[in-house]
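Look at the structure first, then read the points below.

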Amino acid sequence: MGTIGLALGQAAELIVGLDSQLVRIVGLSVGVSLSAVLIATLIGLPMGATIAVARFPGRQAAIVLLNALLGLPAVVVGLLVYLLLSRAGPLGELGILFTPAAMIFAQSVLVTPIIVAFSRQAIEDAWREYEEQLNSLGAGPLQAALTLLWDCRFSLLTTVLAGFGRAVAEVGTVMIVGGNIDGVTRVMTTAIALETSKGDLALALALGIILMGLVLTLNATAHGIIGIAKRRYG
Amino acid sequence: MGEATIRAPSTLLPLRLEAVSFEAGGQRIIDSISLEIGQGGLTVILGPNGAGKSVLMRLCHGLLTPSSGRVIWSLPQPSNGRRRQAMVFQRPVMLRRSALANVAYGLKLAGIGPRERHARALKAIAGVGLAKLAGRSARVLSGGEQQRVALARAWALEPEVLFLDEPTANLDPSATREVESAIAGIGAAGTKIIMVTHDLGVAKRLGDEIIFIHNGRILERSGAEMFFSGVSSCEAAAFIKGELL
(Lines give C-alpha, C1' and ligand atoms only; values in the text may rest on other atoms or scores of the structure.)
Protein backbone atom coordinates (compact mmCIF):
# COMPACT_ATOMS: atom_id res chain seq x y z
CA MET A 1 0.00 0.00 0.00
CA GLY A 2 2.81 2.35 0.90
CA THR A 3 4.61 1.73 -2.39
CA ILE A 4 1.47 2.30 -4.42
CA GLY A 5 0.66 5.45 -2.49
CA LEU A 6 4.15 6.75 -3.08
CA ALA A 7 3.96 5.89 -6.78
CA LEU A 8 0.60 7.64 -7.07
CA GLY A 9 2.08 10.75 -5.52
CA GLN A 10 5.01 10.69 -7.94
CA ALA A 11 2.64 10.06 -10.85
CA ALA A 12 0.63 13.13 -9.88
CA GLU A 13 3.85 15.15 -9.77
CA LEU A 14 4.79 13.98 -13.27
CA ILE A 15 1.37 14.94 -14.64
CA VAL A 16 1.12 18.29 -12.90
CA GLY A 17 4.73 19.14 -13.74
CA LEU A 18 4.20 18.18 -17.39
CA ASP A 19 7.26 15.91 -17.29
CA SER A 20 8.97 16.10 -20.70
CA GLN A 21 9.24 12.32 -21.15
CA LEU A 22 5.58 11.91 -20.26
CA VAL A 23 4.49 14.64 -22.66
CA ARG A 24 6.56 13.14 -25.47
CA ILE A 25 5.05 9.69 -24.98
CA VAL A 26 1.49 10.99 -24.77
CA GLY A 27 2.05 13.20 -27.81
CA LEU A 28 3.37 10.31 -29.92
CA SER A 29 0.51 8.07 -28.79
CA VAL A 30 -2.16 10.57 -29.72
CA GLY A 31 -0.41 11.51 -32.96
CA VAL A 32 -0.03 7.92 -34.12
CA SER A 33 -3.59 6.94 -33.23
CA LEU A 34 -5.16 10.08 -34.74
CA SER A 35 -3.29 9.47 -38.00
CA ALA A 36 -4.35 5.84 -38.01
CA VAL A 37 -7.99 6.76 -37.40
CA LEU A 38 -7.87 9.39 -40.13
CA ILE A 39 -6.61 6.82 -42.63
CA ALA A 40 -9.09 4.20 -41.40
CA THR A 41 -11.94 6.71 -41.74
CA LEU A 42 -10.99 7.69 -45.27
CA ILE A 43 -10.97 4.03 -46.26
CA GLY A 44 -13.70 2.80 -43.96
CA LEU A 45 -16.56 5.25 -44.51
CA PRO A 46 -16.82 4.81 -48.30
CA MET A 47 -16.47 1.04 -47.84
CA GLY A 48 -19.15 0.95 -45.17
CA ALA A 49 -21.49 3.09 -47.27
CA THR A 50 -20.93 0.93 -50.34
CA ILE A 51 -21.59 -2.34 -48.52
CA ALA A 52 -24.67 -0.76 -46.91
CA VAL A 53 -26.27 0.34 -50.16
CA ALA A 54 -24.90 -1.91 -52.90
CA ARG A 55 -26.25 -5.39 -53.58
CA PHE A 56 -23.65 -7.84 -54.83
CA PRO A 57 -23.03 -11.56 -54.60
CA GLY A 58 -21.16 -12.48 -51.43
CA ARG A 59 -22.43 -9.43 -49.57
CA GLN A 60 -23.66 -11.45 -46.61
CA ALA A 61 -20.32 -13.25 -46.38
CA ALA A 62 -18.57 -9.88 -46.48
CA ILE A 63 -20.69 -8.65 -43.57
CA VAL A 64 -19.99 -11.76 -41.50
CA LEU A 65 -16.27 -11.41 -42.21
CA LEU A 66 -16.36 -7.74 -41.28
CA ASN A 67 -18.07 -8.41 -37.99
CA ALA A 68 -15.54 -11.14 -37.26
CA LEU A 69 -12.73 -8.70 -38.00
CA LEU A 70 -14.06 -6.47 -35.21
CA GLY A 71 -12.61 -8.95 -32.76
CA LEU A 72 -9.27 -9.13 -34.55
CA PRO A 73 -6.57 -9.63 -31.90
CA ALA A 74 -4.14 -6.74 -31.97
CA VAL A 75 -1.11 -9.01 -31.64
CA VAL A 76 -2.15 -10.93 -34.74
CA VAL A 77 -2.45 -7.69 -36.71
CA GLY A 78 0.95 -6.74 -35.32
CA LEU A 79 2.43 -10.03 -36.45
CA LEU A 80 0.94 -9.77 -39.97
CA VAL A 81 2.07 -6.18 -40.43
CA TYR A 82 5.49 -7.13 -39.07
CA LEU A 83 5.79 -9.87 -41.69
CA LEU A 84 4.71 -7.41 -44.40
CA LEU A 85 7.20 -4.75 -43.36
CA SER A 86 10.15 -6.90 -42.34
CA ARG A 87 13.24 -6.94 -44.60
CA ALA A 88 12.17 -10.13 -46.36
CA GLY A 89 8.51 -9.11 -46.54
CA PRO A 90 6.67 -7.70 -49.57
CA LEU A 91 6.82 -4.14 -48.21
CA GLY A 92 10.32 -4.51 -46.74
CA GLU A 93 11.65 -2.04 -49.31
CA LEU A 94 9.88 0.79 -47.51
CA GLY A 95 12.15 0.31 -44.53
CA ILE A 96 9.57 1.62 -42.07
CA LEU A 97 9.58 -1.20 -39.53
CA PHE A 98 10.20 0.14 -35.99
CA THR A 99 9.11 3.66 -36.95
CA PRO A 100 5.91 5.58 -36.13
CA ALA A 101 4.85 5.07 -39.76
CA ALA A 102 4.72 1.32 -39.19
CA MET A 103 2.63 1.88 -36.06
CA ILE A 104 0.19 4.08 -37.97
CA PHE A 105 -0.04 1.45 -40.68
CA ALA A 106 -0.73 -1.33 -38.19
CA GLN A 107 -3.30 0.64 -36.21
CA SER A 108 -5.15 1.60 -39.41
CA VAL A 109 -5.42 -2.09 -40.21
CA LEU A 110 -6.79 -2.66 -36.73
CA VAL A 111 -9.30 0.21 -36.80
CA THR A 112 -10.58 0.07 -40.38
CA PRO A 113 -12.88 -2.93 -39.74
CA ILE A 114 -14.44 -1.05 -36.81
CA ILE A 115 -15.21 1.98 -38.97
CA VAL A 116 -16.48 -0.15 -41.84
CA ALA A 117 -18.68 -2.41 -39.70
CA PHE A 118 -20.28 0.33 -37.59
CA SER A 119 -20.77 2.78 -40.46
CA ARG A 120 -22.23 -0.01 -42.58
CA GLN A 121 -24.79 -0.70 -39.87
CA ALA A 122 -25.75 2.95 -39.37
CA ILE A 123 -25.98 3.72 -43.07
CA GLU A 124 -27.90 0.56 -43.88
CA ASP A 125 -30.51 1.37 -41.24
CA ALA A 126 -30.89 4.88 -42.65
CA TRP A 127 -31.03 3.59 -46.22
CA ARG A 128 -33.86 1.22 -45.32
CA GLU A 129 -35.80 4.24 -44.12
CA TYR A 130 -34.82 6.63 -46.92
CA GLU A 131 -34.60 4.47 -50.03
CA GLU A 132 -38.07 4.99 -51.50
CA GLN A 133 -38.16 8.66 -50.62
CA LEU A 134 -34.77 9.39 -52.19
CA ASN A 135 -35.65 7.38 -55.29
CA SER A 136 -38.93 9.23 -55.51
CA LEU A 137 -37.15 12.57 -55.38
CA GLY A 138 -34.81 11.38 -58.10
CA ALA A 139 -31.55 11.11 -56.15
CA GLY A 140 -28.78 9.31 -58.03
CA PRO A 141 -26.44 6.84 -56.25
CA LEU A 142 -23.82 9.47 -55.40
CA GLN A 143 -26.38 12.00 -54.13
CA ALA A 144 -28.05 9.27 -52.08
CA ALA A 145 -24.69 8.23 -50.58
CA LEU A 146 -23.80 11.80 -49.64
CA THR A 147 -27.24 12.37 -48.13
CA LEU A 148 -26.91 9.20 -46.05
CA LEU A 149 -23.42 10.11 -44.83
CA TRP A 150 -24.59 13.56 -43.81
CA ASP A 151 -27.75 12.29 -42.13
CA CYS A 152 -25.75 9.67 -40.19
CA ARG A 153 -23.11 12.23 -39.22
CA PHE A 154 -23.57 11.84 -35.47
CA SER A 155 -23.41 8.07 -35.33
CA LEU A 156 -20.47 8.15 -37.74
CA LEU A 157 -18.65 10.60 -35.50
CA THR A 158 -19.10 8.32 -32.50
CA THR A 159 -17.86 5.43 -34.64
CA VAL A 160 -14.70 7.38 -35.37
CA LEU A 161 -14.29 8.13 -31.67
CA ALA A 162 -14.70 4.45 -30.85
CA GLY A 163 -12.01 3.67 -33.42
CA PHE A 164 -9.67 6.16 -31.81
CA GLY A 165 -10.35 4.66 -28.39
CA ARG A 166 -9.45 1.21 -29.67
CA ALA A 167 -6.28 2.47 -31.36
CA VAL A 168 -4.90 4.54 -28.51
CA ALA A 169 -5.49 1.82 -25.92
CA GLU A 170 -4.07 -1.18 -27.77
CA VAL A 171 -0.60 -2.49 -27.07
CA GLY A 172 -0.14 -5.54 -29.30
CA THR A 173 0.49 -4.01 -32.71
CA VAL A 174 2.56 -1.02 -31.62
CA MET A 175 4.77 -3.24 -29.47
CA ILE A 176 5.51 -5.61 -32.35
CA VAL A 177 5.92 -3.20 -35.26
CA GLY A 178 7.13 -0.21 -33.27
CA GLY A 179 9.53 -1.99 -30.97
CA ASN A 180 8.98 0.38 -28.03
CA ILE A 181 12.15 2.35 -28.77
CA ASP A 182 12.70 5.11 -26.24
CA GLY A 183 12.03 8.50 -27.74
CA VAL A 184 11.11 7.08 -31.14
CA THR A 185 8.29 4.57 -30.98
CA ARG A 186 7.45 4.45 -27.28
CA VAL A 187 3.75 5.17 -26.75
CA MET A 188 1.58 5.12 -23.63
CA THR A 189 0.63 1.45 -23.68
CA THR A 190 4.07 0.08 -24.48
CA ALA A 191 5.64 2.42 -21.91
CA ILE A 192 3.21 1.22 -19.24
CA ALA A 193 4.09 -2.40 -20.03
CA LEU A 194 7.81 -1.70 -19.88
CA GLU A 195 7.84 0.55 -16.82
CA THR A 196 5.68 -1.87 -14.87
CA SER A 197 8.01 -4.74 -15.62
CA LYS A 198 10.96 -2.56 -14.62
CA GLY A 199 9.21 -1.60 -11.41
CA ASP A 200 9.03 2.14 -12.22
CA LEU A 201 5.43 2.43 -11.13
CA ALA A 202 5.29 6.24 -11.06
CA LEU A 203 5.60 6.73 -14.83
CA ALA A 204 3.41 3.69 -15.54
CA LEU A 205 0.69 5.00 -13.23
CA ALA A 206 0.88 8.53 -14.62
CA LEU A 207 0.48 7.20 -18.15
CA GLY A 208 -2.27 4.86 -16.99
CA ILE A 209 -4.18 7.74 -15.44
CA ILE A 210 -3.85 9.84 -18.61
CA LEU A 211 -4.91 6.92 -20.79
CA MET A 212 -7.94 6.23 -18.62
CA GLY A 213 -8.83 9.90 -18.65
CA LEU A 214 -8.55 9.99 -22.42
CA VAL A 215 -10.73 6.93 -22.92
CA LEU A 216 -13.30 8.24 -20.43
CA THR A 217 -13.38 11.62 -22.16
CA LEU A 218 -13.85 9.95 -25.53
CA ASN A 219 -16.77 7.89 -24.27
CA ALA A 220 -18.36 10.82 -22.51
CA THR A 221 -18.01 12.91 -25.67
CA ALA A 222 -19.61 10.20 -27.80
CA HIS A 223 -22.42 9.85 -25.30
CA GLY A 224 -22.93 13.61 -25.21
CA ILE A 225 -22.94 13.94 -28.99
CA ILE A 226 -25.61 11.26 -29.36
CA GLY A 227 -27.72 12.83 -26.61
CA ILE A 228 -27.56 16.34 -28.03
CA ALA A 229 -28.16 15.12 -31.56
CA LYS A 230 -31.20 13.10 -30.48
CA ARG A 231 -32.70 16.06 -28.70
CA ARG A 232 -31.96 18.60 -31.38
CA TYR A 233 -32.37 16.59 -34.58
CA GLY A 234 -34.42 13.57 -33.60
CA MET B 1 -49.82 40.89 -75.00
CA GLY B 2 -51.23 38.14 -77.10
CA GLU B 3 -48.21 35.98 -77.74
CA ALA B 4 -49.08 32.85 -79.58
CA THR B 5 -50.42 30.37 -77.11
CA ILE B 6 -50.54 27.42 -79.45
CA ARG B 7 -48.15 24.88 -78.03
CA ALA B 8 -47.53 21.23 -78.29
CA PRO B 9 -49.50 19.29 -75.68
CA SER B 10 -47.51 19.87 -72.50
CA THR B 11 -49.40 17.87 -69.98
CA LEU B 12 -48.54 14.58 -68.37
CA LEU B 13 -52.13 13.49 -68.22
CA PRO B 14 -53.93 11.38 -69.03
CA LEU B 15 -52.01 8.58 -67.37
CA ARG B 16 -52.72 5.25 -68.98
CA LEU B 17 -52.14 1.76 -67.64
CA GLU B 18 -52.30 -1.04 -70.16
CA ALA B 19 -52.89 -4.50 -68.69
CA VAL B 20 -50.44 -3.82 -65.88
CA SER B 21 -49.60 -6.77 -63.65
CA PHE B 22 -47.14 -7.02 -60.82
CA GLU B 23 -45.89 -10.16 -59.18
CA ALA B 24 -43.66 -10.58 -56.17
CA GLY B 25 -42.60 -13.79 -54.47
CA GLY B 26 -44.80 -15.83 -56.81
CA GLN B 27 -47.87 -13.83 -55.83
CA ARG B 28 -49.84 -11.72 -58.25
CA ILE B 29 -50.42 -8.45 -56.43
CA ILE B 30 -51.74 -6.41 -59.37
CA ASP B 31 -53.77 -8.43 -61.83
CA SER B 32 -53.93 -6.95 -65.32
CA ILE B 33 -55.20 -3.48 -64.53
CA SER B 34 -56.07 -1.16 -67.39
CA LEU B 35 -56.92 2.36 -66.45
CA GLU B 36 -56.90 5.91 -67.65
CA ILE B 37 -56.72 8.84 -65.25
CA GLY B 38 -57.31 12.30 -66.68
CA GLN B 39 -57.12 15.84 -65.42
CA GLY B 40 -59.37 17.42 -62.84
CA GLY B 41 -60.69 16.35 -59.48
CA LEU B 42 -59.11 14.24 -56.79
CA THR B 43 -58.98 10.54 -57.59
CA VAL B 44 -59.14 8.15 -54.66
CA ILE B 45 -57.92 4.60 -55.00
CA LEU B 46 -59.94 2.85 -52.32
CA GLY B 47 -59.79 -0.68 -51.04
CA PRO B 48 -59.11 -2.89 -48.05
CA ASN B 49 -55.61 -3.52 -46.74
CA GLY B 50 -53.68 -5.84 -49.02
CA ALA B 51 -55.77 -4.96 -52.08
CA GLY B 52 -52.65 -3.80 -53.94
CA LYS B 53 -53.36 -0.06 -53.71
CA SER B 54 -49.91 1.03 -52.61
CA VAL B 55 -48.22 -1.22 -55.16
CA LEU B 56 -50.44 0.23 -57.89
CA MET B 57 -49.41 3.71 -56.86
CA ARG B 58 -45.70 2.81 -56.85
CA LEU B 59 -46.10 1.35 -60.33
CA CYS B 60 -47.66 4.62 -61.52
CA HIS B 61 -45.00 6.74 -59.80
CA GLY B 62 -42.20 4.61 -61.23
CA LEU B 63 -40.75 3.16 -58.03
CA LEU B 64 -41.76 -0.31 -59.22
CA THR B 65 -41.64 -1.76 -62.71
CA PRO B 66 -44.61 -3.82 -63.91
CA SER B 67 -44.07 -7.55 -64.40
CA SER B 68 -46.12 -7.13 -67.56
CA GLY B 69 -48.11 -4.37 -69.19
CA ARG B 70 -47.21 -0.70 -69.53
CA VAL B 71 -47.56 2.54 -67.61
CA ILE B 72 -47.79 5.39 -70.10
CA TRP B 73 -47.67 9.08 -69.36
CA SER B 74 -48.65 11.52 -72.06
CA LEU B 75 -45.18 13.06 -71.90
CA PRO B 76 -41.90 11.15 -71.78
CA GLN B 77 -40.50 10.88 -68.24
CA PRO B 78 -36.95 12.09 -67.68
CA SER B 79 -34.97 9.71 -65.52
CA ASN B 80 -33.45 12.39 -63.26
CA GLY B 81 -35.13 14.47 -60.60
CA ARG B 82 -36.96 16.81 -62.96
CA ARG B 83 -40.04 14.69 -63.07
CA ARG B 84 -43.41 16.35 -63.11
CA GLN B 85 -45.03 13.97 -60.71
CA ALA B 86 -44.23 13.45 -57.03
CA MET B 87 -45.27 11.17 -54.20
CA VAL B 88 -45.88 11.45 -50.48
CA PHE B 89 -45.61 8.28 -48.44
CA GLN B 90 -47.64 6.93 -45.57
CA ARG B 91 -44.77 7.46 -43.18
CA PRO B 92 -43.05 10.76 -43.91
CA VAL B 93 -39.30 10.36 -44.27
CA MET B 94 -37.68 13.40 -42.72
CA LEU B 95 -34.01 14.09 -43.29
CA ARG B 96 -31.92 15.13 -40.30
CA ARG B 97 -32.16 18.87 -40.99
CA SER B 98 -34.71 21.66 -40.68
CA ALA B 99 -38.21 21.47 -42.12
CA LEU B 100 -37.31 24.15 -44.65
CA ALA B 101 -34.11 22.32 -45.63
CA ASN B 102 -36.15 19.17 -46.18
CA VAL B 103 -38.30 21.02 -48.68
CA ALA B 104 -35.28 22.65 -50.30
CA TYR B 105 -33.56 19.26 -50.60
CA GLY B 106 -36.12 18.02 -53.13
CA LEU B 107 -35.70 21.22 -55.14
CA LYS B 108 -31.93 20.81 -55.11
CA LEU B 109 -32.24 17.30 -56.53
CA ALA B 110 -34.52 18.75 -59.18
CA GLY B 111 -31.71 21.08 -60.21
CA ILE B 112 -33.17 24.34 -58.90
CA GLY B 113 -30.59 27.03 -58.05
CA PRO B 114 -30.07 28.15 -54.43
CA ARG B 115 -31.96 31.43 -54.52
CA GLU B 116 -35.07 30.14 -56.25
CA ARG B 117 -34.87 27.03 -54.09
CA HIS B 118 -35.11 29.05 -50.92
CA ALA B 119 -38.02 31.15 -52.15
CA ARG B 120 -39.99 28.16 -53.40
CA ALA B 121 -39.34 26.16 -50.23
CA LEU B 122 -40.54 29.05 -48.07
CA LYS B 123 -43.67 29.42 -50.15
CA ALA B 124 -44.46 25.72 -50.01
CA ILE B 125 -43.91 25.45 -46.28
CA ALA B 126 -46.13 28.48 -45.71
CA GLY B 127 -48.68 26.90 -48.02
CA VAL B 128 -49.10 23.95 -45.66
CA GLY B 129 -49.35 26.29 -42.65
CA LEU B 130 -45.92 25.61 -41.19
CA ALA B 131 -44.15 28.93 -41.77
CA LYS B 132 -43.51 29.29 -38.05
CA LEU B 133 -41.84 25.89 -37.78
CA ALA B 134 -39.71 26.20 -40.92
CA GLY B 135 -36.47 26.45 -38.96
CA ARG B 136 -37.19 23.55 -36.63
CA SER B 137 -35.55 20.16 -37.04
CA ALA B 138 -37.94 18.11 -39.11
CA ARG B 139 -37.52 14.91 -37.14
CA VAL B 140 -38.67 16.41 -33.86
CA LEU B 141 -41.94 17.71 -35.34
CA SER B 142 -45.18 15.85 -34.65
CA GLY B 143 -46.45 13.20 -37.06
CA GLY B 144 -48.97 15.54 -38.64
CA GLU B 145 -46.45 18.34 -39.00
CA GLN B 146 -43.96 15.94 -40.58
CA GLN B 147 -46.58 14.81 -43.05
CA ARG B 148 -47.27 18.44 -43.96
CA VAL B 149 -43.53 19.01 -44.48
CA ALA B 150 -43.56 15.98 -46.78
CA LEU B 151 -46.51 17.49 -48.66
CA ALA B 152 -44.68 20.79 -48.95
CA ARG B 153 -41.55 19.00 -50.20
CA ALA B 154 -43.55 17.32 -52.95
CA TRP B 155 -45.62 20.40 -53.73
CA ALA B 156 -42.59 22.70 -54.00
CA LEU B 157 -41.54 20.65 -57.03
CA GLU B 158 -44.69 22.02 -58.69
CA PRO B 159 -45.71 18.59 -59.89
CA GLU B 160 -48.56 18.19 -62.29
CA VAL B 161 -49.55 14.98 -60.55
CA LEU B 162 -49.15 14.25 -56.86
CA PHE B 163 -49.50 10.73 -55.49
CA LEU B 164 -50.46 10.32 -51.84
CA ASP B 165 -50.18 6.95 -50.14
CA GLU B 166 -52.46 6.86 -47.08
CA PRO B 167 -51.20 10.28 -45.98
CA THR B 168 -53.31 10.36 -42.80
CA ALA B 169 -53.21 6.70 -41.78
CA ASN B 170 -51.01 7.24 -38.72
CA LEU B 171 -52.49 10.52 -37.53
CA ASP B 172 -54.92 11.58 -34.84
CA PRO B 173 -58.10 13.46 -35.84
CA SER B 174 -56.80 17.00 -35.42
CA ALA B 175 -53.59 16.25 -37.34
CA THR B 176 -55.69 14.49 -39.97
CA ARG B 177 -57.78 17.62 -40.36
CA GLU B 178 -54.69 19.77 -40.89
CA VAL B 179 -53.16 17.38 -43.41
CA GLU B 180 -56.46 17.08 -45.28
CA SER B 181 -56.80 20.83 -45.51
CA ALA B 182 -53.23 21.03 -46.87
CA ILE B 183 -54.14 18.38 -49.45
CA ALA B 184 -57.29 20.24 -50.42
CA GLY B 185 -55.24 23.43 -50.82
CA ILE B 186 -52.77 21.71 -53.13
CA GLY B 187 -55.62 20.28 -55.19
CA ALA B 188 -57.30 23.67 -55.41
CA ALA B 189 -54.05 25.20 -56.67
CA GLY B 190 -54.31 22.98 -59.73
CA THR B 191 -52.28 19.86 -58.97
CA LYS B 192 -53.93 16.59 -59.92
CA ILE B 193 -54.01 14.43 -56.81
CA ILE B 194 -54.25 10.67 -56.85
CA MET B 195 -54.62 9.28 -53.34
CA VAL B 196 -54.62 5.78 -51.93
CA THR B 197 -56.64 5.09 -48.81
CA HIS B 198 -58.52 2.35 -47.01
CA ASP B 199 -60.36 4.97 -44.96
CA LEU B 200 -63.93 5.61 -46.09
CA GLY B 201 -64.08 8.90 -44.20
CA VAL B 202 -61.06 10.29 -46.04
CA ALA B 203 -62.43 9.07 -49.36
CA LYS B 204 -65.78 10.73 -48.71
CA ARG B 205 -64.30 14.01 -47.54
CA LEU B 206 -61.70 14.47 -50.26
CA GLY B 207 -62.58 12.26 -53.21
CA ASP B 208 -64.18 13.42 -56.43
CA GLU B 209 -63.78 10.06 -58.06
CA ILE B 210 -63.37 6.61 -56.53
CA ILE B 211 -61.54 3.65 -57.98
CA PHE B 212 -62.28 0.61 -55.82
CA ILE B 213 -59.78 -2.19 -55.99
CA HIS B 214 -59.74 -5.60 -54.37
CA ASN B 215 -57.25 -8.47 -54.81
CA GLY B 216 -55.32 -6.51 -57.40
CA ARG B 217 -58.28 -5.79 -59.67
CA ILE B 218 -60.50 -2.77 -60.25
CA LEU B 219 -64.03 -3.69 -59.23
CA GLU B 220 -65.69 -0.31 -59.41
CA ARG B 221 -65.01 3.16 -60.72
CA SER B 222 -67.39 6.06 -60.38
CA GLY B 223 -67.89 9.57 -59.10
CA ALA B 224 -67.68 9.80 -55.33
CA GLU B 225 -71.37 10.60 -54.84
CA MET B 226 -72.43 7.77 -57.08
CA PHE B 227 -70.05 5.40 -55.37
CA PHE B 228 -71.35 6.06 -51.90
CA SER B 229 -75.00 6.05 -52.91
CA GLY B 230 -74.96 2.70 -54.63
CA VAL B 231 -72.32 0.39 -55.96
CA SER B 232 -72.70 -2.59 -58.22
CA SER B 233 -70.10 -5.02 -56.89
CA CYS B 234 -70.92 -6.85 -53.69
CA GLU B 235 -67.31 -6.46 -52.44
CA ALA B 236 -67.56 -2.67 -52.66
CA ALA B 237 -70.98 -2.72 -51.01
CA ALA B 238 -69.62 -4.87 -48.18
CA PHE B 239 -66.60 -2.59 -47.81
CA ILE B 240 -68.81 0.49 -47.54
CA LYS B 241 -70.92 -1.26 -44.92
CA GLY B 242 -67.76 -1.85 -42.92
CA GLU B 243 -67.57 -5.57 -43.33
CA LEU B 244 -64.19 -7.28 -43.44
CA LEU B 245 -63.15 -8.44 -46.88
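The largest nonpolar core has 135 residues. A nonpolar core is a set of buried Ala, Val, Leu, Ile, Met, Phe, Trp, Tyr and Cys residues joined through C-beta atoms within 7 Å. This is a predicted model: local features need pLDDT of at least 70, side-chain atom pairs count only at pLDDT 80 or more, and totals for chains, interfaces and linings use all residues. Residues are numbered from 1 along each chain as its sequence is written, and chains are lettered from A and ligands numbered from 1 in the order in which they are written.

**Core**
- Residues with the most contacts inside this core include Ala106(A), Leu207(A), Ile45(B) and Leu151(B).
- Helix 5 of chain A gives the largest share of the core, 18 residues. Helices (H or I, at least four residues) are DSSP runs, numbered from the N terminus.
- Leu151(B) touches Val88(B), Val128(B), Ala182(B), Ile183(B) and Ile186(B), leaving aside residues up to four places away in sequence. Contact means C-beta atoms, placed from the backbone, within 7 Å.

**Chain A against chain B**
- 15 residues of chain A are in contact with 16 residues of chain B.
- Helix 5 of chain A supplies the largest share of the chain A side, six residues.

**Ser86(A)**
- Ser86(A) sits in the loop between helix 4 (74-85) and helix 5 of chain A.
- Ser86(A) is partly exposed because 13 other C-beta atoms lie within 10 Å. The cut-offs are 20 or more for buried, 12 or fewer for exposed, and partly exposed in between, with C-beta atoms placed from the backbone.
- Ser86(A) touches Gly92(A) and Leu97(A), not counting residues up to four places away in sequence.

How values were computed. Two residues are in contact if their C-beta atoms, placed from the backbone, lie within 7 Å. Helices (H or I, at least four residues) and strands (E, at least two) are DSSP runs, numbered from the N terminus.
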